[in-house]
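Here are my notes on this model. Please keep the structure open while reading.

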Amino acid sequence: RFQGLAADGALNALFLIWQACLTDPTSPLYGCFPLVFEHDAFLVEVVADRAAAADAELDRLMVLGMRQMVPDVHVKTEGSKPSFRWDK
């Protein structure tokens with residue numbers, strides 16, 4: 001049961017991220033492009049001069065998406081600093 005809720009919350013977060021990227025001109029993610037969703041991580045191509053704001057918005061949307069599924073669970077994210085290259 002818990003794994004299903006976690007998957008639903010992650011999918012909900014992905015929907016919120018896509019919505020911000022495509023339909024919300026006030027969002028720092030507007031015009032950005034989600035590239036990869038792997039397990040519990042999102043890789044999003046963002047405009048360089050909005051990277052810090054986009055990172056904060058990603059954190060907010062990921063937490064919001066998960067909290068809508070499990071409101072009584074403490075949810076947090078661990079972002080990584082933006083980079084110009086995808087690397088291990």
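1. Start with L61. Setting aside neighbours within four places in sequence, L61 contacts A13, L16, I17, A20 and L29. Bear in mind that this is a predicted model.

2. Where does L61 sit? L61 lies in helix α2, which covers residues 51-67. Is L61 buried or exposed? L61 counts as buried because its relative accessible area is 4%, and the cut-off for buried is under 20%.

3. One spacing to check is that of L61 and A48. They are 13 residues apart in sequence. In space, their C-alpha atoms are 19 Å apart.

4. Now the rings. How many aromatic pairs are there? The count is two. W18 and F33 make an edge-to-face pair, with 5.5 Å between centres and 90° between planes. This pair joins distant parts of the chain, 15 residues apart: W18 belongs to helix α1 (residues 2-23) and F33 to strand β1 (residues 33-38).

5. Consider the exposure of W18 and F33. W18 is partly exposed, at 28% relative accessible area. F33 is also partly exposed, at 42% relative accessibility.

6. F37 and F42 form a stacked pair. Their centres are 4.6 Å apart, and the angle between the planes is 10°. Stacked applies because the planes are under 30 degrees apart.

7. F37 has 35% relative accessibility, so it counts as partly exposed. F42 has 18%, so F42 counts as buried.

Terms used. Residues are numbered from 1 along each chain as its sequence is written. This is a predicted model: local features need pLDDT of at least 70, side-chain atom pairs count only at pLDDT 80 or more; totals for chains, interfaces and linings use all residues. Side-chain values use heavy atoms; hydrogens and water are left out. Rings of Phe, Tyr and Trp (its six-membered ring) pair if their centres lie within 6.5 Å; planes under 30 degrees apart count as stacked, over 60 as edge-to-face and the rest as tilted. Helices (H or I, at least four residues) and strands (E, at least two) are DSSP runs, numbered from the N terminus. Buried means under 20% relative accessible area, exposed over 50%, partly exposed in between (1.4 Å probe, protein chains only). Contact means heavy atoms within 4.5 Å.
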